[in-house]
Amino acid sequence: MRRKLAAGNWKMNGTSASLAEVEALNTAHPTAGVDILICPPATLLSRLSGVAGPAIATGGQDCHAAAAGAHTGDISADMLLDAGASHVILGHSERRADHGETDGTVHVKTVAALNAGLVPVVCVGETEVERDDGKTLQVIGTQLAGSLPDFAGIDRLVVAYEPVWAIGTGRVPTLGQIAEVHDFIRATLAERFGAAAEGMRLLYGGSVKPSNAAEIFAVSNVDGALVGGASLKASDFSGIIAALEQAA
């Protein structure tokens, strides 16, 4: 059985005061029946890793493909590891849109993360126009083909499906739409990676909150969630974690 994962992406939010939310999460979940991950901004990663309890892993929100070098403002996978990270989010739609990241860019970053010993959380998802044009599965298939490398130990990798039109909007796909995409991703991974695909966890992301988490976690091939805004407050994220524990 794949162990469930509740992952929080703080995006460009959080200062030192936000560490209190992690301490509150420690109190609420000193142990957990699921994996918990928080990916704060890079400025907080080392400090957050230091205060996170044993049930909480930490991760970066991006990494450079190179191990070191003249890349002002960038952070390597080894640097994330040194700061206490065990995971890294790659290919988030905001990185793809704001920084022009392609599937090829995500591919080389994923290789770098795996080589460093990090667990990549690779994001895929369609825009509203692509959904309305009936191209969702085509887009997801292309992103998977281009973003994921052929790599020994690929079963460590996590795939997060985040429909771009549902991120931060309050809009959520129907449960049938989520199931269709997650079943497609599982089948696509199995065709390419064989038995290793069974170990790869699939997360849903996009306006997940305590009030809708339970029904989303009941969908086939949903192994957890990549949560944005609702992960910033321990009270909200704890509700999502509790729903995931019930589904585990």
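This is a predicted model: local features need pLDDT of at least 70, side-chain atom pairs count only at pLDDT 80 or more; totals for chains, interfaces and linings use all residues.

Student: At what angle do the axes of helix 5 and helix 7 cross, and within what distance do they come?

Tutor: Residues are numbered from 1 along each chain as its sequence is written, and side-chain values use heavy atoms, with hydrogens and water left out. Helices (H or I, at least four residues) and strands (E, at least two) are DSSP runs numbered from the N terminus. Axes are lines fitted to C-alpha atoms, for helices over the stretch in contact, and angles run from 0 to 180 degrees between N-to-C directions. Here, helix 5 (residues 103-116) and helix 7 (residues 136-147) cross at roughly 40°, and their axes come within 7 Å.

Student: Which orientation class do helix 5 and helix 7 fall into?

Tutor: Angles under 35 degrees count as roughly parallel, over 145 as roughly antiparallel, 65 to 115 as roughly perpendicular, and the rest as oblique. Helix 5 and helix 7 are therefore oblique to each other.

Student: Is the crossing of helix 5 and helix 7 left-handed or right-handed?

Tutor: A crossing is left-handed if the near helix is turned anticlockwise from the far one by less than a right angle, and right-handed if clockwise. Helix 5 passes helix 7 in the right-handed sense.

Student: Which residues of helix 5 and helix 7 meet, and how do they divide by class?

Tutor: Contact means heavy atoms within 4.5 Å. Helix 5 contributes Asp103, Gly104, Val106, His107 and Thr110, which meet Thr142, Gln143, Gly146 and Ser147 of helix 7. For the classes, Ala, Val, Leu, Ile, Met, Phe, Trp, Tyr, Cys and Pro count as nonpolar, Asp, Glu, Lys and Arg as charged, and the others, Gly among them, as polar. The contact of helix 5 with helix 7 has one nonpolar, seven polar and one charged residues.

Student: How do helix 7 and helix 8 cross?

Tutor: The axes of helix 7 and helix 8 come within 11 Å at a crossing of roughly 35°, and this crossing is right-handed. Helix 7 supplies Thr136, Leu137, Ile140, Gly141, Leu144 and Ala145, and helix 8 supplies Glu180, Val181, Phe184, Ile185, Thr188 and Arg192. By class, the contact of helix 7 with helix 8 holds seven nonpolar, three polar and two charged residues.

Student: What is the packing angle of helix 9 and helix 10?

Tutor: Helix 9 (residues 210-217) packs on helix 10 (residues 234-247) at about 20°, with axes 9 Å apart. That angle makes helix 9 roughly parallel to helix 10. The contact joins Pro210, Ala213, Ala214 and Phe217 of helix 9 to Asp236, Gly239, Ile240, Ala243, Leu244 and Ala247 of helix 10. Among the residues of this contact of helix 9 with helix 10, eight are nonpolar, one is polar and one is charged. The crossing of helix 9 and helix 10 is right-handed.

Student: Which backbone oxygen does the side chain of arginine 201 reach?

Tutor: A polar contact is a pair of N or O atoms within 3.5 Å; within protein, one must be able to donate a hydrogen and the other to accept it, and residues adjacent in sequence count only if both atoms are side-chain atoms. The side chain of arginine 201 reaches the backbone oxygen of arginine 3 at 2.9 Å.

Student: What joins the side chains of arginine 192 and aspartate 150?

Tutor: A polar contact of 3.2 Å joins these side chains of arginine 192 and aspartate 150. The two residues, arginine 192 and aspartate 150, are 42 residues apart in sequence, with their C-alpha atoms 8.9 Å apart in space. A polar atom of the arginine 192 side chain also lies 2.6 Å from the backbone oxygen of leucine 148. Arginine 192 belongs to helix 8 (residues 175-193) and is partly exposed, with a relative accessible area of 32%.

Terms used:
Buried means under 20% relative accessible area, exposed over 50%, partly exposed in between (1.4 Å probe, protein chains only).
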